[in-house]
Amino acid sequence: MRNILITTLATIIVPGIAVILLPYLILQSVGRTEAAPIGLVEIGSLILAVVGLAMVVWVSVAFVRHGKGTPVPLEPPREFVAAGLYRFVRNPMYFGALLAVFAEAVFFRSPWLLLYAALLWLALHTFTILAEEPQLEGRFGDLYRDYKAKTPRWIPRRPRG
């Protein structure tokens, strides 16, 4: 029950800030809070945003259910999770959040949100390489190294081998 509570709060707070609050503040600061008239592009971007947010939620549930932990670094999953979305990409939570921010940039036709998405990706990429991957290798050893060799970091694809 504790992991569920921590995960729920973390899933609301962290992606909520990165995907909702910061984009809102960026749009507010440039005076652009109204979306373009709803058309196919906007509907497509809404679908992308929902898919991205669903990925974030899926990872949170998988960490509790299969990993016996949380997405919070202080309470990480005790079991290695390589099923579901993790079969296609090593960072589905980050990918989902980035997908949602990209969708917002398209929806609001905002180059500022596109720049924010690029900077967010750079921050996540740097964190992944410098902190997260070495920590996972230390915790899960060859299991993670094998997974890393077969699964792309950012661009989803069908699993190999």
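Predicted model: local features only at pLDDT ≥ 70, side-chain atom pairs only at ≥ 80, totals over all residues.
User: Then which residues is Glu42 in contact with, leaving aside its neighbours within four places in sequence?
Analyst: With those neighbours left aside, Glu42 contacts Ala36, Pro37, Phe107 and Arg109.

User: Where is Glu42, and is it buried or exposed?
Analyst: Glu42 is placed in helix α2. Its relative accessibility is 2%, so Glu42 counts as buried.

User: Moving on to α4: where is the kink centred?
Analyst: Helix α4 covers residues 111-140, and its kink of about 45° is centred on Thr128. Thr128 is also among the buried residues of α4.

User: Which other residues of α4 are buried?
Analyst: Besides Thr128, the buried residues of α4 are Leu113, Tyr116, Ala117, Leu120, Leu124, His125, Glu133, Leu136 and Phe140.

User: How do α3 and α4 sit relative to each other, parallel or antiparallel?
Analyst: The axes of α3 (residues 92-107) and α4 come within 8 Å and cross at roughly 170°. Angles over 145 degrees count as roughly antiparallel, and α3 is therefore roughly antiparallel to α4.

User: Which residues meet there?
Analyst: From α3, the residues are Tyr94, Leu98, Val101, Phe102, Glu104 and Ala105. In α4 they meet Leu113, Leu114, Tyr116, Ala117, Leu120, Trp121, Leu124, Phe127, Thr128 and Glu132. By class, this contact of α3 with α4 has 13 nonpolar, one polar and two charged residues.

User: What follows α4?
Analyst: Gly141 follows α4, and its phi is positive, near 55°.

User: And how does α4 cross α5?
Analyst: The axes of α4 and α5 (residues 142-150) come within 6 Å and cross at roughly 130°. The two helices are therefore oblique to each other. The α4 side of the contact consists of Glu133, Leu136, Glu137 and Phe140, while α5 contributes Asp142, Leu143, Tyr144, Arg145 and Lys148.

User: What classes do the residues of that contact divide into?
Analyst: The contact of α4 with α5 has four nonpolar, no polar and five charged residues.

User: Change of topic: how many aromatic pairs does the structure hold?
Analyst: The structure holds nine aromatic pairs. One of them is Phe63 with Tyr86, which is stacked, at 6.0 Å centre to centre and 20° between the planes. This pair links distant parts of the chain, 23 residues apart: Phe63 lies in helix α2 (residues 40-65) and Tyr86 in the loop between α2 and α3.

User: Are Phe63 and Tyr86 buried or exposed?
Analyst: Phe63 is buried, with a relative accessible area of 14%. Tyr86 counts as buried at 8% relative accessibility.

User: What about the pair of Phe80 and Tyr144?
Analyst: The ring centres of Phe80 and Tyr144 are 6.0 Å apart and the planes lie at 85°, so this pair is edge-to-face. Phe80 is in the loop between α2 and α3 and Tyr144 in helix α5, so the pair ties together parts that are 64 residues apart in sequence. At 3% relative accessibility, Tyr144 counts as buried.

User: Which residues form the aromatic cluster with Phe80 and Tyr144?
Analyst: Phe140 and Tyr147 form one aromatic cluster with Phe80 and Tyr144.

User: Lastly, where is Thr151, and what does it touch?
Analyst: Thr151 is in the segment after α5. Not counting residues up to four places away in sequence, Thr151 touches Tyr86, Arg87, Phe88, Val89 and Arg90. Thr151 is buried, with a relative accessible area of 5%.

Methods
Residues numbered from 1 in each chain as written. Heavy atoms only, no water. Bend = angle between axes of the 7 residues up to and from the residue. Helix = DSSP H or I, 4+ residues; strand = E, 2+ residues; numbered from the N terminus. Buried < 20%, exposed > 50% of the residue type's maximum accessible area, 1.4 Å probe, protein only. Axes fitted to C-alpha atoms, helices over the stretch in contact; angles between N-to-C directions. Parallel < 35°, antiparallel > 145°, perpendicular 65-115°, else oblique. Contact = heavy atoms within 4.5 Å. Nonpolar A, V, L, I, M, F, W, Y, C, P; charged D, E, K, R; others polar. Phe/Tyr/Trp six-rings, centres within 6.5 Å; stacked < 30°, edge-to-face > 60°.
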